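Biologist: Can we go through the aromatic rings in this one? I'd like to start with the pairs.

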Amino acid sequence: MTEIGGMNIRELAETYGTPLVAYDENMLRDKLESFTKHFRSDTIRTDVVYASKAFNCKAMISLVSEYGCCLDVVSGGELYTAWKAGFDCSKTFFHGNNKTPDEIRMALDCGVGTIVIDNVMEAQELIRQIEGTDRQIRVFLRVNPGIEAHTHQYIVTAHVDSKFGISMLDWDEIAYVTDLFEGCDNTAFEGIHAHIGSQIFDKQAYSELVKKMFAFAAKMKDELGADITSVNLGGGFAALYTSKDHPIPVDEVCDEIISACEEANSSIHNQIRRVLIEPGRSIVAEAGYNLYKVGYIKKTPNKLYAFVDGGMSDNIRPALYQAEYDAFIAGKEDEEKTATYTIAGKCCESGDILIQSIALPQVNTGDILVMKTTGAYGYSMASHYNKLALPAVVFVKDGQAREVIERESYEHLISLEK
Ligand SMILES: Cc1ncc(COP(=O)(O)O)c(C=O)c1O
């Protein structure tokens, strides 16, 4: 692979500098199209909500808008970016377990379409702010269905202690929140939401979730009189990081979910009229590449290090949860892999290792090391540790690159300091 989005990788690095985050724009578009094309039902309205925490910037949000998707935001900052991108805020879902009173006010001012309520106190705060005004907002309640899915496993537990949502077992709280919204003229309590994990490879986790959510919506209607007509199943769709990963193709996972929804709906008299999914990672991860320039090479008794000019400051995932990545050296794709390297960043932290062990051709100072599948939770989790400036981000399409986020300068870095 010598190109990203039809543009030579070394040329990209020379033009925009390193570290650089480069997205293949056509891959982003293909993913958005694939989800919107396959997440369809003849009997239930469907919506794909892009979880912008995976990568939130104006250019990405404009793409999301082009494909008619909705948008998940979890903070005033993500919402502000959407608003500045000209996104139709009525299609945003405002998430988060601790939306501040200011953020709730902002959501109301921006005309956020749906707020996903996490807990009792947040429900009370929303009612306090909205009651008696001329504002209207749709409300979904985040529930904890007791299903946890991560990578190849899912478990059904009675785990009630998640920081997110109200447990389905906590019926009194669900009833209390329902009463609050039913008694408020400014809120339309329409849906329930759940998100069960990340990097999920097991289709069954979703069909299990569908069954639980639809049955719970029916129970809320029967026992509490809540007219729940929407179910949001969250995100978690896996991406391919290394050859060990085998993500379920988008069409397959969508078919599985849609069939499960249609079947579950028929058993509850078609109460549900709208289902939603919230993919983040699976839309942006594989389209993103981090380009680094190799600095010094260091040999220790047991390791051969290649140091790069970024690190945990632009991709914390390896340090945070031992995430694994694949990489290659631009221009040496066809060369024999003659040595095993440890790819280390430049931060003052022993844990700043981007790849523990990878076979590569001989790596030299000045080479461009390309890490694959860095498009999700890389830039969005970036930090200024060691006062490293954030990299530039480019979208590359049909051989042309456009800078969508500028590289930070040292001036930017201290611009807020008094
Ligand atoms: C509520 C919610 N929806 C969607 C997502 C997106 O998950 P993923 O990027 O794994 O698809 C998350 C991730 O944390 C989430 O918390």
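Biologist: How many aromatic pairs are there?
Modeller: The count comes to 12 aromatic pairs. Rings of Phe, Tyr and Trp (its six-membered ring) pair if their centres lie within 6.5 Å; planes under 30 degrees apart are stacked, over 60 edge-to-face, and the rest tilted.

Biologist: What kind of pair do F55 and Y379 make?
Modeller: Edge-to-face, because the planes are at 90 degrees, with the ring centres 6.4 Å apart. F55 is in the loop between β4 (45–51) and α3 (58–66), and Y379 in the loop between β21 (368–372) and β22 (392–397), so the pair ties together parts 324 residues apart in sequence. Helices (H or I, at least four residues) and strands (E, at least two) are DSSP runs, numbered from the N terminus.

Biologist: Is F55 buried or exposed?
Modeller: Buried, at 1% relative accessible area. Y379 is also buried, at 16%. Buried means under 20%, exposed over 50%, partly exposed in between (1.4 Å probe, protein chains only).

Biologist: Where does K219 put its charged end?
Modeller: Over the ring of W171, 4.2 Å from the centre. The rule is NZ of Lys or CZ of Arg within 6 Å of the ring centre and within 35 degrees of the ring normal.

Biologist: What should I know about the model itself?
Modeller: It is predicted: local features need pLDDT of at least 70, side-chain atom pairs 80 or more, while totals for chains, interfaces and linings use all residues. Residues are numbered from 1 along each chain as its sequence is written, and side-chain values use heavy atoms, without hydrogens and water.
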